[in-house]
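Trainee: I am new to this structure. Please pick one spot, look at it closely, and then show me what surrounds it in the wider picture.

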Amino acid sequence: MEVTIKEEEARAEVEIWNYVLGYVKIAVVKCAVELGISDVIENYGSLMPLSELATALQCEPSRLHRIMRIMVHYRIFKQEPINQYTVGFSSTPLSRRLIKGGEKSMAAFILLMYSPTCLAPWHCLSARVLETGNNISPFEVANGKDIWSYAEANHDFSELFNNAMGCDARLTVQATTEGCPEVFDGVESLVDVGGGNRTALSLLVKAFPWIRGINFDLPHVVTVAPKFDSIENVGGDMFMSIPNVDAAFLMLKSIEGQNSDKGKEKVIE
């Protein structure tokens, strides 16, 4: 019994530091995305010495070395000797998820979820648990507006939000088109409700070129959405009406910290 208690105490002493410094891991990953470390190492094509990485990133080598040590520890990058004096860094499947614009990239999602705007509601969590009778979303309490009004008023956040949704769309649509392509048999026109920057719809139209697509979202979103030959960008409010087509495509994605029904973005109906 005494040994068990001592072991539990020892584990608790270690574990509490994981909570005290738990933010470090994501802070370092966010730093890597912002600096473009994964992009540079992947493009280098072989083991990349710290000195060359620092030069490419235009940063101080000793500070960068601390960041790289943590990411090697978490197996985000590999570190291997180049010669007896120098080590180099190489990509991993995980680091490729941090490449901006990569096929399986989650870089934009990380930048969104750990932006000051999206972190703010979490700093109010205890107050949110204690309060009663308030149905305002945590996002609105922290930022003064619901997420949709905030995005409309803040172009940079709107762009970050839509890019993040695009990350999720690339993974989801690939699984859908490969796993159940028969769902789209006979579908000649398709509307993506809450389609954002039309990432999901462009992938669907590419996989099923006979489909005419409508990217449907709030007006301020579709006005900056990229153009695509077989996709029409249409602005409107899904709670009022949606375009008349053969099928509607939605992906359900709730951003923590706001609890509006409008937080649901885009799965096949």
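Mentor: Start with one term. A residue is called buried when its relative accessible area is under 20%, exposed when it is over 50%, and partly exposed in between. Keep in mind that this is a predicted model.

Now go to Arg198. Find the loop between β4 (189-193) and α13 (199-207); Arg198 lies there. Is Arg198 buried or exposed? Its relative accessible area is 15%. The cut-off for buried is under 20%, so Arg198 is buried. Now check its backbone. Phi of Arg198 is near 65°, and that is a positive value in a residue other than glycine.

What about its accessibility? Arg75 reaches 70%. The line for exposed is drawn at over 50%, so Arg75 counts as exposed.

Step back to the whole chain. There are 269 residues, and 40% of them are buried. The secondary structure has 14 helices and 7 strands. The C-alpha trace spans about 65 × 55 × 40 Å along its principal axes. The accessible surface is about 15,800 Å², and carbon and sulfur atoms account for 54% of it.

Next, charges. The chain has 24 positive and 34 negative charges. Their mean positions are 6 Å apart. How many salt bridges are there? The count is 3. Take them in order along the chain.

Lys30 pairs with Glu34, and their closest N and O atoms are 3.0 Å apart. Both sit in helix α2 (residues 23-35). They are 4 residues apart, about one turn of the helix. Glu34 has a relative accessible area of 47%, so it is partly exposed.

Glu42 and Arg96 form another bridge, at 3.1 Å from N to O. Why does this pair link separate stretches of the chain? Glu42 is in helix α3 (residues 37-44) and Arg96 is in helix α6 (residues 93-96), so the bridge ties together parts that are 54 residues apart in sequence. Both partners are partly exposed: Glu42 is at 30%, and Arg96 is at 38%.

The remaining bridge joins the side chains of Arg128 and Glu131, with N to O at 2.9 Å. Again both ends are partly exposed. Arg128 is at 23% relative accessibility, while Glu131 is at 31%.

Some charges cluster instead. Glu7, Glu8, Glu9 and Glu13 form a negative surface patch. Look at Glu13 among them: it lies in helix α1. Its relative accessible area is 55%, so it is exposed.

Stay on helix α1, which covers residues 2-20. A nonpolar patch also draws on this helix. Which residues form the nonpolar patch on the surface? They are Ile16, Trp17, Tyr19, Val20, Leu21 and Tyr23. Together they have about 700 Å² of accessible area. Helix α1 gives the most to this patch, with 4 residues. Ile16 lies in that helix and is partly exposed, at 45%.

Last, cysteines. How many disulfides does the structure hold? It holds 0. A disulfide needs two cysteine sulfur atoms within 2.5 Å. For Cys31, the closest cysteine sulfur is in Cys59, 8.4 Å away, which is too far for a bond. For Cys124, the closest is in Cys118, 13 Å away, again too far for a bond. Cys124 is at 29% relative accessibility, so it counts as partly exposed.

Return to where we began.

Methods:
Residues are numbered from 1 along each chain as its sequence is written. This is a predicted model: local features need pLDDT of at least 70, side-chain atom pairs count only at pLDDT 80 or more; totals for chains, interfaces and linings use all residues. Side-chain values use heavy atoms; hydrogens and water are left out. Helices (H or I, at least four residues) and strands (E, at least two) are DSSP runs, numbered from the N terminus. Buried means under 20% relative accessible area, exposed over 50%, partly exposed in between (1.4 Å probe, protein chains only). Accessible areas come from the Shrake-Rupley method with a 1.4 Å probe; for residues, only the protein chains shown count as cover. Lys and Arg count as positive and Asp and Glu as negative; His and the chain ends are not counted. The place of a charge is taken as NZ of Lys, CZ of Arg, CG of Asp or CD of Glu. Patches are made of residues with over 30% relative accessible area and no salt bridge: like charges are joined within 9 Å, nonpolar side chains (Val, Leu, Ile, Met, Phe, Trp, Tyr) within 5 Å. A salt bridge is a side-chain nitrogen of Lys or Arg within 4 Å of a carboxyl oxygen of Asp or Glu.
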